[in-house]
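Have the sequence and the 3D view ready side by side. We'll walk through the fold a piece at a time, starting with a helix.

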Amino acid sequence: MGKKMRIVVATDYSEAALNAERYAVQFAMSVNAELYFLHVYDIPFGATPAGAAEYGHTAGDWRSSELKCLEQHRNELIKTMGIRHSELKGECVVRKGTVARQTAAGAKSLGADLVIAGTHGQTGYRDVFFGTHAWDIIKRSQVPVLSIAEESVFSGISKIVFAAEYRDGEIPGIAFLDNWSKTFGSSIDVVHVSSYAQSKKYESETFQRFSLKIRNSVTDPKLKVRLMKDEDVVEGLDKYCRDHKADWLAMSHEAPFPFDRIFFPNNSVTRKMSLHTHIPLLAIPDYYSPEVSFFLKLLEPEQNA
């Protein structure tokens with residue numbers, strides 16, 4: 001690659017985040033990418049003086065303290081992994097505000113190609129990373145987000161499963177991922193899980209049309225497009241990933257228009273998989289292309305924390 005891949009790994013210093021950091025370090029080194037550690041902090045209520053000048057001084061001191069803490073954390077992490085500081089390119093970045101908003105904004109300002117963060121929960125994958133922020137980060141990010149389950153261990157990326165819902169917005173993401181995966185030396189299976197709520201004939205015709213769109217956009221003959229039946233889409237995808245030893249599960253998600261958040265908060269398969277998948281989940285924005293990702297900015301104007 002001419003330009004090095006640039007990865008942002010978000011951390012809140014939790015055990016789940018620590019596992020995601022280890023994964024991110026190993027992945028970044030395997031593809032010779034730059035890795036930026038990002039921590040979002042907030043100044044506790046009542047911790048700042050009333051005077052504007054004093055607040056500015058205190059806020060600056062707080063930021064310096066947070067940055068020093070993150071740099072120390074990063075250095076200790078790579079040392080325990082047996083990696084020299086000079087072997088891992090990248091920097092530490094801290095931002096003040098809310099996690100989802102500032103993670104997405106930080107990735108944008110750094111020109112990141114990928115955001116990595118960890119999932120946590122009693123089962124290792126039921127809860128979203130940073131508690132309830134996973135879906136918010138995925139929706140706000142203009143670049144793909146890779147969420148890492150607590151039990152995930154990096155061992156290369158040989159197989160990627162892309163879960164498709166027959167949306168036109170998925171096609172650019174599949175083409176992007178196919179091109180990107182050449183860096184990893186991985187193969188891709190595009191899979192649609194159906195409960196056959198419609199007739200088998202209708203399902204077959206829809207699948208064939210979608211497959212043709214993929215073939216017109218992707219030239220890799222090794223890419224497979226498959227249709228499988230399961231009454232539960234999430235369980236079906238999970239089983240396919242296990243049976244085919246997938247290293248990543250990839251999906252595209254639709255633009256987060258306000259009415260979608262208000263009236264249909266739980267209708268997305270991507271959201272459900274962000275709660276249930278036990279392997280890394282790569283969420284790619286619909287119609288994603290690195291060259292035109294600025295278009296996503298129009299869908300949800302950036303707000304300052």
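## Helix H3

How far does helix H3 (residues 99–110) reach from its first C-alpha to its last? The answer is 16 Å for its 12 residues, close to the 16 Å expected at 1.5 Å a residue. That expected span is 1.5 Å times one less than the number of residues in the helix. Helices (H or I, at least four residues) and strands (E, at least two) are DSSP runs, numbered from the N terminus.

H3 is largely enclosed by the rest of the structure, because 9 of its 12 residues are buried. Buried means under 20% relative accessible area, exposed means over 50%, and partly exposed is in between (1.4 Å probe, protein chains only). Among the buried residues of H3 are Val99, Gln102, Gly106 and Leu110. Just after the helix comes Gly111, with a positive phi of about 65°.

## Where the model comes from

This is a predicted model, where local features need pLDDT of at least 70 and side-chain atom pairs count only at pLDDT 80 or more, while totals for chains, interfaces and linings use all residues. Residues are numbered from 1 along each chain as its sequence is written, and side-chain values use heavy atoms, with hydrogens and water left out.

## The whole protein

Zooming out, the protein has 9 helices and 10 strands. Of its 305 residues, 50% are buried. Contact means heavy atoms within 4.5 Å. Among the contacts with a separation of 6 or more, 79% are between residues 24 or more positions apart.

Now find helix H5 (residues 170–184). Its 15 residues should span 21 Å at 1.5 Å a residue, and its end C-alpha atoms are 21 Å apart, so the two agree. Its buried residues include Ile171, Phe176, Trp180 and Phe184. H5 is followed by Gly185, which has a positive phi near 70°.

H5 packs against helix H6 (residues 200–217) at an angle of about 45°, with their axes 10 Å apart. Axes here are lines fitted to C-alpha atoms, for helices over the stretch in contact, and angles run from 0 to 180 degrees between N-to-C directions. The two helices are therefore oblique to each other; angles under 35 degrees count as roughly parallel, over 145 as roughly antiparallel, 65 to 115 as roughly perpendicular and the rest as oblique. On the H5 side, the contact is made by Glu170, Ile171, Ile174 and Ala175. H6 brings Phe210, Lys213, Ile214 and Ser217.

## Loops to look at

Most residues other than glycine have a negative phi. Tyr166 has a positive one, near 70°, and lies in the loop between strand E6 (159–163) and H5. Lys245 also has a positive phi, near 50°, and is found in the loop between helix H7 (233–243) and strand E9 (248–253). With 66% relative accessibility, Lys245 counts as exposed.

Leaving aside neighbours within four places in sequence, Val143 is in contact with Ala112, Asp113, Leu114, Val115, Pro285 and Tyr288. Its C-alpha atom is separated by 9.3 Å from that of Gly111, 32 residues apart along the chain.
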